[in-house]
Amino acid sequence: MGLVKLAAAALAAGATFFAFSARADGNLNLICSADVVICEQMKGAFEKKTDISVNMVRLSSGETYAKIRAEARNPKTDIWWAGTGDPHLQAASEGLTLEYKSPMLGELHEWAVKQAESAGYRTVGVYAGALGWGYNTEIFKQKNLKEPKCWADLLDPSFKGEVQIANPNSSGTAYTALATLVQIMGEDEAFDYLKKLNANVSQYTKSGSAPVKAAARGETAIGIVFMHDAVAQTVEGFPVKSVAPCEGTGYEIGSMSIIKGAKNLDNAKKWYDWALSADVQSSMKEAKSFQLPSNKTAKVPEEAPKFEDIKLIDYDFKTYGDPAKRKELLERWDREIGAAAN
């Protein structure tokens, strides 16, 4: 798996936290599983705040889990920030991450703290976002397509070759979609649905946000993604409209974990505490990042999809973050969907 070093973006995020009143030196090996723009912003802001040199790579959450599992005997990563919570929970259950109770826990929303508690404090929630899709309104107008308001609508033959979604083996977004459909429909029914949807899918991408970026560029009509990723394209000026499916939808708790055996443990803890602070989470809008922050006093972007406006399922993070269940679902997807994909 090739790892690409990303250029540092020296964007200040003005974070304030008592542990950082004194400047520190040293290194930090970070994997970031969010969009590259926010990854670069976070890296630059932390380096400016602390004088710690951050060696950062951007990988999807599925790729990151595979990497830290492969390197378990000789970890090359100190901290893993962002990406869907299921792979973080899986890593926690396999003892790949370290228990850490941040002094910032008291400032977090209940859903973020529950994420930590369920993992024995081996991970924590940093943001949340609901699953849905974004579609290109200009393509819809040109092709006289009808707005898909429900999961069932995506099966319409008029959408043949017009849908993109990521591969759940590499993408936490797509795994959340897979687990969501299983919880809404039942497993056999969900796989029947996915087989039918496959007829309309033009590409299974590596990255979870790639489908809606393709829709924004006019390369496909619909991208199944977390809704905040669709909103980000709209804010950028692209003709993208976001949809929350009528049957209900799942959601992610984007998480953060310190890797067991981290060689720069003190600096990893400094990043962990810093990243949970209100000021840092409030600054994410500057990078066109529209998730719901986990710190209760962080500013929520006006554009962020609000949970109260969306029909959310009671997503079972414990079950679908379990390694055995995840493996079972992914193997079935490979057999029944991946093998039949164009």
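## Pockets and cavities

Domain 1 (27–128 + 253–305) and domain 2 (129–250 + 326–340) both give residues to the lining of the largest pocket, so this pocket lies between them; the domain bounds come from an automatic or database domain assignment. This is a predicted model, in which local features need pLDDT of at least 70 and side-chain atom pairs count only at pLDDT 80 or more, while totals for chains, interfaces and linings use all residues. Residues are numbered from 1 along each chain as its sequence is written, and side-chain values use heavy atoms, with hydrogens and water left out.

**The largest pocket**

- The largest pocket holds about 440 Å³ of space (on a 1 Å grid over the protein atoms alone, a pocket is an open set of points with protein on both sides within 12 Å along at least five of seven lines, whereas a cavity is a set of points where a 1.4 Å probe fits but cannot get out; lining residues have an atom within 4 Å of a point).
- A volume here is the space filled by probe spheres set on the points, with grid points joined across faces, edges and corners.
- Its lining is made up of 31 residues, and those nearest the centre of the pocket are Ala34, Asp35, Ser209, Asp229 and Gln291.
- At least two lining residues each come from α1 (36–50), α6 (172–185) and α9 (227–235), and α9 gives the most, with four residues (helices, H or I, have at least four residues and strands, E, at least two; both are DSSP runs numbered from the N terminus).
- By class, the lining of the largest pocket has eight nonpolar, 16 polar and seven charged residues (Ala, Val, Leu, Ile, Met, Phe, Trp, Tyr, Cys and Pro count as nonpolar, Asp, Glu, Lys and Arg as charged, and the others, Gly among them, as polar).

**The second largest pocket**

- The second largest pocket has a volume of about 240 Å³, and its lining includes Glu110, Trp111, Tyr251 and Phe317.
- α4 (110–118), β9 (251–258) and α12 (317–320) are the elements that give two or more residues to this lining, and α4 gives the most, with five.
- The lining of the second largest pocket divides into five nonpolar, two polar and four charged residues.

**The cavities**

- A search of the whole structure finds three cavities of 30 Å³ or more, and the largest cavity has a volume of about 110 Å³.
- The largest cavity is lined by 14 residues, of which Ile165, Leu194, Leu197, Tyr204 and Trp333 are the closest to its centre.
- The lining of the largest cavity divides into 14 nonpolar residues, no polar and no charged, and its largest share, four residues, comes from α6.
- The second largest cavity has a volume of about 40 Å³, and because domain 1 and domain 2 both give residues to its lining, this cavity lies between them.
- β4 (124–136) supplies the largest share of the lining of the second largest cavity, three residues, and the lining as a whole divides into seven nonpolar, three polar and no charged residues.

**Ser289**

- Ser289 is placed in the loop between α11 (278–282) and β10 (292–293), and it counts as buried because its relative accessibility is 8% (buried means under 20% relative accessible area, exposed over 50% and partly exposed in between, with a 1.4 Å probe and protein chains only).
- The side chains of Ser289 and Gln291 are joined by a polar contact of 2.3 Å (a pair of N or O atoms within 3.5 Å; within protein, one must be able to donate a hydrogen and the other to accept it, and residues adjacent in sequence count only if both atoms are side-chain atoms).
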